Amino acid sequence: MDEPDRWRHMSSAPRDGSRILVTVRPSEQGPAEVDLAYWSRADQFGSEGWRASDSSPGRVVEYAEPELKCWMPLPTANLGKGSLPSPWDEDDVPLLDGSGI
């Protein structure tokens, strides 16, 4: 069973497009930081490699392999029945001026 809170070497990171947490090494631009990234195949927006998850066409943020120190999977939510809140069963909140906002 994987331990989601343990950092792993980048060589074992999934290259299937799934999002992972990565540690970006410190550089002249700033200290080490954690980012959400994924492996992307080459396309019209950039070459094959690691991209920040908030990249968008025309504004692709790519990481060179040496920039990334380690990775870990995203934590998963425990969606068991006991962890979900109970449904609201009180009176409905009245709508003002016919607006649901």
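Author: Start at Val24. Setting aside neighbours within four places in sequence, Val24 is in contact with Ala32, Glu33, Asp35, Tyr63, Glu67 and Leu68. Contact means heavy atoms within 4.5 Å. This is a predicted model, where local features need pLDDT of at least 70 and side-chain atom pairs need 80 or more, while totals for chains, interfaces and linings use all residues. Numbering runs from 1 along each chain as its sequence is written, and side-chain values use heavy atoms, without hydrogens or water.

Val24 belongs to strand S2. Strands here are DSSP runs of E, at least two residues long, numbered from the N terminus. Val24 is buried, at 8% relative accessible area. Buried means under 20%, exposed over 50%, and partly exposed in between, with a 1.4 Å probe and protein chains only. Glu67 lies 43 residues from Val24 along the chain, yet their C-alpha atoms are 5.7 Å apart.

Val24 is also part of the largest nonpolar core. Such a core is a set of buried Ala, Val, Leu, Ile, Met, Phe, Trp, Tyr and Cys residues joined through side-chain atoms within 4.5 Å. This one has 12 residues, among them Ile20, Val22, Ala37, Trp39, Trp50, Ala52, Tyr63 and Leu68. S2 (20-24), S3 (33-40), S4 (49-52) and S6 (68-73) each supply at least two of the core residues. S2 gives the largest share, 3 residues.

Now the sheet. Its 6 strands run in the order S1-S6-S2-S3-S4-S5; the sheet is open and the pairing antiparallel. S1 (8-9) and S5 (62-63) are the edge strands, each with a single partner, so one side of each has no neighbour in the sheet. Strands of a sheet pair through backbone hydrogen bonds, parallel or antiparallel. Here, two strands count as paired if DSSP finds at least two bridges between them. S2 and S3 are joined by 5 bridges. In that pairing, Leu21 stands opposite Leu36, and Val22 has Asp35 as its bridge partner. S3 and S4 share 4 bridges. There, Ser40 faces Gly49.

Ala52 comes next. Leaving out residues up to four places away in sequence, Ala52 touches Asp35, Leu36, Ala37, Tyr38, Val61 and Tyr63. The backbone oxygen of Ala52 is reached by the side chain of Ser55, at 2.9 Å. A polar contact is a pair of N or O atoms within 3.5 Å; within protein, one must be able to donate a hydrogen and the other to accept it, and residues adjacent in sequence count only if both atoms are side-chain atoms. Ser55 sits in the loop between S4 and S5. Ser55 is buried, at 17%. Beyond four places in sequence, Ser55 is in contact with Val60 and Val61.

Last, the rings. The whole structure holds 1 aromatic pair. Trp39 and Trp50 have ring centres 5.2 Å apart and planes at 75°, so they meet edge-to-face. Rings of Phe, Tyr and Trp (its six-membered ring) pair if their centres lie within 6.5 Å; planes under 30 degrees apart count as stacked, over 60 as edge-to-face, and the rest as tilted. Trp39 and Trp50 are buried.

Charges sit over two other rings. Arg8 lies over the face of Trp71, 5.3 Å from the ring centre. Arg19 has its charged end over the ring of Tyr38, 4.8 Å from the centre. The test asks for NZ of Lys or CZ of Arg within 6 Å of the ring centre and within 35 degrees of the ring normal.
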